[in-house]
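Dear colleague,

I am handing over the structure we spoke about, with the sequence alongside.

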Amino acid sequence: MNHPDKNEAAVSDIVRHVVDLLEVPTSGLTAVSEHGTARRRRARAAVASACAVVLVGAGVLAVQQLSSTNDRATSPGVAPDLAPDSTTTGSGLPVQDAAGVPVTRVDSAFVWNTVLPGSAEAIGSLLFGIGATEGAPYLAWSTAPGFNASYDYVPTLYRSDDGIHWTAAGDSTFTEPDVTRRGLAVQGDTMFAFGTAAATAAIPKGGAGDAVVDISTDQGATWQPQVLPIDLRGLAATDGVQGVGLNGAMAAADGVVVVVAQPSVVWEAQNQGYMIITSQGAYRITYPTCDNAVGCVATTVSYNGATADTASAGATDDTLPIISDLIPLSELGIDPETVEAARTPRVFVSVDGVTFTEATLPPLPDDVMAGDGFAIQATAANGMFYLTIPVSTFDPASASAMYGNSQLVYRSADGMTWEQVGDVNSFASGQSFLGVLPNGTMVAQSYTSTGSSVIATSADGVTWVVHDLTPLIEPSDGEIVAINLWSVMVGAQGITASGAVYNDPIAEAGGRSIERDSVRLEVQSSTFSQPRAYDSESGDEFAQSSLRYMNDGGLDVMADDGSVLASFTPNELQQLQNSQEGQLFTKVLLHSDDGVNWSRENLAELAGSNDANLGFFQQLDDKVLINLIDPSQRTDDLALTMVLVGTRK
């Protein structure tokens with residue numbers, strides 16, 4: 001079983017959600033670039049602290065118990081039939097402004113102890129967010145133990161009998177830096193590793209290898225490749241295709257191994273400019289660009305960073321994208337079959353641990369495109385298999401050229417026949433399917449308009465109950481406080497999450513402002529630190545299109561005739577948006593068996609170090625294992641790895 005890196009996903013969701021809420025000034029592509037740079041500086045309180053944990057603590061893993069059962073489990077192989085709660089919100093996850101039903105705070109259900117494995121037996125990071133399997137012997141793709149000084153990443157397969165002490169498994173064929181790995185599974189004495197490899201021939205430059213399931217029956221000493229019938233090489237050789245990759249995941253339970261694989265394709269036509277490619281055709285997206293003057297010309301933005309001016313009649317001082325009419329794929333030299341291949345996940349199932357048979361997965365809806373394949377999930381829980389496929393939607397009639405990011409979730413009792421759970425609106429932008437509790441309850445994560453995380457649960461994937469986590473906030477956390485979940489694990493032991501509780505010092509101070517030349521520039525929040533400009537005498541707000549970000553990081557407020565009403569320096573803007581003064585920030589560990597009752601613990605207190613950052617989660621038997629990396633303590637140039645072992649009271 002494997003999951004994507006939930007820490008990375010959480011930070012990505014936060015960034016996307018914050019961007020969705022901000023009003024971007026309409027003053028040209030150059031200004032947008034400068035505005036983005038400034039905005040990234042201003043987002044420290046809400047995002048940068050989390051990113052630091054990602055970089056130091058490595059891939060954070062959300063995993064699920066595959067096949068073990070306990071007294072909270074239901075019968076395997078049967079989809080749960082639970083009556084919706086009276087507080088449910090209707091079809092799809094709720095809007096992000098909905099705080100939901102407040103949770104109840106309870107005492108922790110676990111006793112925590114710290115174990116320090118030897119530096120040669122520890123895993124400090126995981127590759128691609130692929131987590132340790134949920135059955136002994138445990139497997140994990142990782143770098144060398146801990147972090148070395150050069151941060152080299154060489155894929156190595158590790159195994160463990162207890163989830164704490166790890167040693168390399170297999171021979172040198174499993175330490176190839178150019179081989180892509182996508183999944184792991186264990187069934188009895190057989191171990192499985194899924195990915196791409198040059199199993200039958202060398203990988204051509206810009207092409208693809210074979211989709212391979214490597215199988216070992218001798219505890220990882222030797223491996224036999226089973227090549228799946230996915231013609232990546234033929235796809236890579238098709239005219240108009242520049243490169244091909246493979247995304248996917250693997251899960252196993254009750255003697256059944258499930259692999260989901262989805263090719264990813266880059267087309268040569270994409271070098272001609274920014275394009276959105278659909279099964280019906282392609283759209284070319286162009287943006288105006290400005291040189292901090294009044295006039296603008298339209299500019300095509302390419303994937304490789306080069307630009308080619310294409311002056312457009314009537315181009316205005318505006319950053320709204322210019323979306324072309326639908327361009328036939330034939331005009332771009334794109335074979336429609338390659339587009340279908342890129343948006344067609346394929347599922348393979350084995351019941352004997354040797355041969356794999358292709359299963360039946362409903363085709364993706366016509367109006368969606370394949371999204372980020374690294375976020376594909378394959379999970380076994382409650383006697384069922386679940387697949388999560390990221391997809392994107394695009395509306396050429398909208399004023400935005402941004403994709404709409406969603407997830408499609410599928411469920412199967414045997415891995416062969418799948419049904420879709422909910423629809424594309426059930427897991428919309430900013431909302432993520434996380435996993436399934438032992439009683440079959442689905443769990444998802446979303447955000448409020450203030451950037452605070454919420455958890456939602458559902459019996460059917462359509463009707464959801466939103467759980468507001470604010471009762472977990474303590475008086476010492478500040479006056480205006482948010483809870484940001486970095487990593488969430490859902491499985492047989494319930495929902496375990498790591499994250500941070502932090503305040504909004506700018507909002508607590510009533511905002512900050514600078515006044516010059518009858519213009520007041522104001523920031524109202526640390527989290528959403530978009531400056532707003534007001535007329536000092538009338539109090540009227542200037543339109544965001546009047547704010548022009550300069551190349552040096554400063555900001556001008558413009559009049560309708562193009563003249564400058566007031567200028568603010570980069571240093572003034574930074575002072576206005578500085579979120580460090582008065583910042584309160586606490587790393588926390590949260591847990592719930594049901595999504596309703598939650599405990600909160602201080603992660604630094606459990607680890608005995610303020611510098612310890614989360615590595616990855618595991619569940620085995622009745623325990624929760626949390627790997628932590630402490631860069632302030634080092635052994636032989638490696639950051640200290642410690643494991644928090646949580647045992648139910």
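Strands β27 (residues 453-458) and β28 (residues 464-468) run antiparallel and are joined by 5 bridges, and one of the pairings to look for is that of S458 with its bridge partner in β28, W464. Please keep in mind throughout that this is a predicted model. The two strands belong to an open sheet of 5 strands, in the order β1-β28-β27-β26-β25, with mixed pairing. Its edge strands are β1 (101-102) and β25 (432-436), each of which pairs on one side only.

As for the chain as a whole, the protein has 8 helices and 41 strands, and buried residues make up 55% of its 649 residues. Among contacts with a separation of 6 or more, 62% are between residues 24 or more positions apart. The accessible surface comes to about 25000 Å², and carbon and sulfur atoms account for 51% of that area.

The two ends of the numbering meet in another strand pair, which I would look at next.

Strand β3 (residues 110-115) runs antiparallel to β41 and is joined to β41 by 6 bridges, with T114 standing opposite L644. Strand β41 (residues 638-648) is itself mostly covered, 9 of its 11 residues being buried. The structure also holds 5 aromatic pairs. In the pair of F110 and W112, the ring centres are 5.7 Å apart and the planes stand at 40 degrees, so the pair counts as tilted; both residues are buried. Elsewhere, W486, Y502 and F585 form one aromatic cluster.

Which residues of helix α7 are buried? In this helix, which spans residues 570-577, they are E572, L573, L576 and Q577. These four lie on the same side of α7, because they cover an arc of only 125 degrees around the axis.

If neighbours within four places in sequence are left aside, A533 is in contact with V519, R520, L521, D540, E541, F542, L547 and V557. The C-alpha atoms of A533 and S546 are 8.6 Å apart in space, while the two residues are 13 apart in sequence.

Most residues other than glycine have a negative phi. D254, although not a glycine, has a positive phi of about 55 degrees; this residue is found in the loop between β11 (241-253) and β12 (256-267), and at 58% relative accessibility D254 counts as exposed. S518 likewise has a positive phi, near 65 degrees, in a residue other than glycine. The place of S518 is in the loop between β31 (512-516) and β32 (519-523), where its relative accessible area of 40% makes S518 partly exposed.

With best wishes

Key
Residues are numbered from 1 along each chain as its sequence is written. This is a predicted model: local features need pLDDT of at least 70, side-chain atom pairs count only at pLDDT 80 or more; totals for chains, interfaces and linings use all residues. Side-chain values use heavy atoms; hydrogens and water are left out. Buried means under 20% relative accessible area, exposed over 50%, partly exposed in between (1.4 Å probe, protein chains only). The arc is that of the directions from the helix axis to the C-beta atoms. Contact means heavy atoms within 4.5 Å. Two strands pair if DSSP finds at least two bridges between them. Accessible areas come from the Shrake-Rupley method with a 1.4 Å probe; for residues, only the protein chains shown count as cover. Rings of Phe, Tyr and Trp (its six-membered ring) pair if their centres lie within 6.5 Å; planes under 30 degrees apart count as stacked, over 60 as edge-to-face and the rest as tilted.
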